Amino acid sequence: MAFVATHTSRITIGDREWSGDLTSVDSSSNVDVIETTTLSDTSKNFIAGLNSGTLLCNGLTDSASASSANSQWQDLYAIRGDSDGVPAIVALEGFTADKKVWVAQVTETSWTNTSSVAGAVSFTLNMETTGDHGQGVSLFDPGTAKTATATGTVVDNSASSNTGAVANLCVVTASGTSPTLDVVIQHSADNSSYSTLVTYTQATGTTSQRKTVASGTTINRYLKVVATIGGSSPSFNFAVGLSRL
Amino acid sequence: MTKYKILVNSEIVDKNQKAIKKLKAGEIISDLTPAQIKGLTANEAIEAVGAKTKE
């Protein structure tokens with residue numbers, strides 16, 4: 001058994017990596033239960049209903065100006081102002097490839113600012129998932145800047161699946177002159193013949209995207225990310241997480 | 001020799017994950033090994049073209 005210290009936890013919401021802003025994070029997945037007990041039953045019966053999830057973030061308020069690019073305020077405002085929700089990847093054990101991550105599209109449900117004696121100004125952001133979400137694996141670690149075309153570590157999920165998937169890309173830093181980043185997720189049954197499973201729209205700056213794989217599509221056991229980087233002196237930090245549904 | 005149409009961009013990699021053959025969607029090729037055919041079929045990435053059909 002190996003326990004995990006919380007200093008390894010990382011979280012991307014939208015186009016920001018938030019672990020330097022947050023003091024705690026809680027992600028949860030819930031399933032409604034629908035009672036189907038009838039008069040002739042001697043015990044209650046239930047069937048599974050709809051899935052849902054929540055994401056609760058407590059953080060410290062950064063004094064950087066709202067007009068500063070990629071400031072905490074700007075990134076918070078982007079989350080709060082997006083009615084369709086934003087992609088989130090919660091990596092409590094870090095983003096090293098194959099580590100467990102929670103992959104979701106989240107939308108704000110409440111916001112609180114707090115200031116108390118002998119404490120730092122802080123905020124609480126509550127979010128609800130929209131659409132499918134779930135526990136999956138990290139496919140690419142945003143911890144190291146990539147300046148040239150790169151291939152991620154192969155992740156072996158042991159078996160194929162065909163019940164769909166959600167896959168989030170969060171590009172948290174971007175620099176250079178006209179930088180471009182084309183990310184695809186490839187899959188393979190034999191770790192030799194790889195084919196494109198998911199193709200993200202080309203990124204030219206910080207951004208986030210969510211892609212879904214339809215139920216019925218085969219997703220083979222081996223997964224990896226291939227990132228093609230272009231431009232003059234480009235540099236990107238980005239995370240990719242995929243959850244089989 | 002059976003020809004195959006590449007349905008999605010694919011690649012054959014060596015043990016170091018270096019691409020040794022890149023296959024573009026729409027391309028028609030005939031020089032796949034049985035193992036590559038098996039792997040790409042599992043990926044739903046190829047289909048045989050010009051195959052004989054029973055009358």
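Among contacts in chain B between residues at least 6 apart in sequence, 56% join residues at least 24 apart; two residues are in contact if their C-beta atoms, placed from the backbone, lie within 7 Å. The model is predicted, and local features need pLDDT of at least 70, side-chain atom pairs count only at pLDDT 80 or more, and totals for chains, interfaces and linings use all residues. Residues are numbered from 1 along each chain as its sequence is written, while chains are lettered from A and ligands numbered from 1 in the order in which they are written.

Chain B contains 1 helix and 5 strands, arranged along the sequence as β-β-β-β-α-β. Helices (H or I, at least four residues) and strands (E, at least two) are DSSP runs, numbered from the N terminus. The C-alpha atoms of chain B occupy a box of roughly 45 × 20 × 20 Å along the principal axes. Of its 55 residues, 24% are buried; a buried residue has 20 or more other C-beta atoms within 10 Å of its own, an exposed one 12 or fewer, and a partly exposed one a count in between, with C-beta atoms placed from the backbone.

In chain A, strand β14 (residues 222–244) pairs with several other strands, two strands being paired if DSSP finds at least two bridges between them. Strand β11 (residues 165–188) of chain A runs antiparallel to β14(A) and is joined to it by 20 bridges, with A:Leu181 opposite A:Ile229. Strand β8 (residues 134–140) of chain A is also antiparallel to β14(A), through 3 bridges, and here A:Val137 faces A:Leu242. Two further antiparallel pairings with β14(A) have 2 bridges each: that of β9 (residues 150–151) of chain A and that of β10 (residues 155–156) of chain A. A:Ala150 has A:Ala227 as its bridge partner, and A:Asp156 has A:Tyr222.

Between the chains, 13 residues of chain A are in contact with 14 residues of chain B. On the chain A side, β11 and β12 (193–199) each supply at least two residues, and β12(A) gives the largest share, 4 residues. This side divides into 3 nonpolar, 9 polar and 1 charged residues; Ala, Val, Leu, Ile, Met, Phe, Trp, Tyr, Cys and Pro count as nonpolar, Asp, Glu, Lys and Arg as charged, and the others, Gly among them, as polar. Strand β12(A) is joined by 3 bridges to the antiparallel strand β2 (residues 10–13) of chain B, where A:Ser193 is partnered by B:Ile12.

Helix α1 (residues 34–42) of chain B has B:Gln36, B:Gly39 and B:Leu40 as its buried residues. They lie on the same side of α1(B) because they cover an arc of only 95 degrees around the axis, taken from the directions from the helix axis to the C-beta atoms. These buried residues pack against β11 and β12 of chain A together with β2 and β5 (46–49) of chain B. Just after α1(B), B:Glu44 has a positive phi of about 55 degrees.

A nonpolar core is a set of buried Ala, Val, Leu, Ile, Met, Phe, Trp, Tyr and Cys residues joined through C-beta atoms within 7 Å. In the largest such core, of 50 residues, those touching the most other members are A:Val90, A:Val171, A:Ile185, A:Phe238, A:Val240 and A:Leu242. Strand β11(A) contributes the largest share of this core, 11 residues. Another core, of 7 residues, lies apart from it and includes B:Ile6, B:Leu40, B:Ala45 and B:Ile46.
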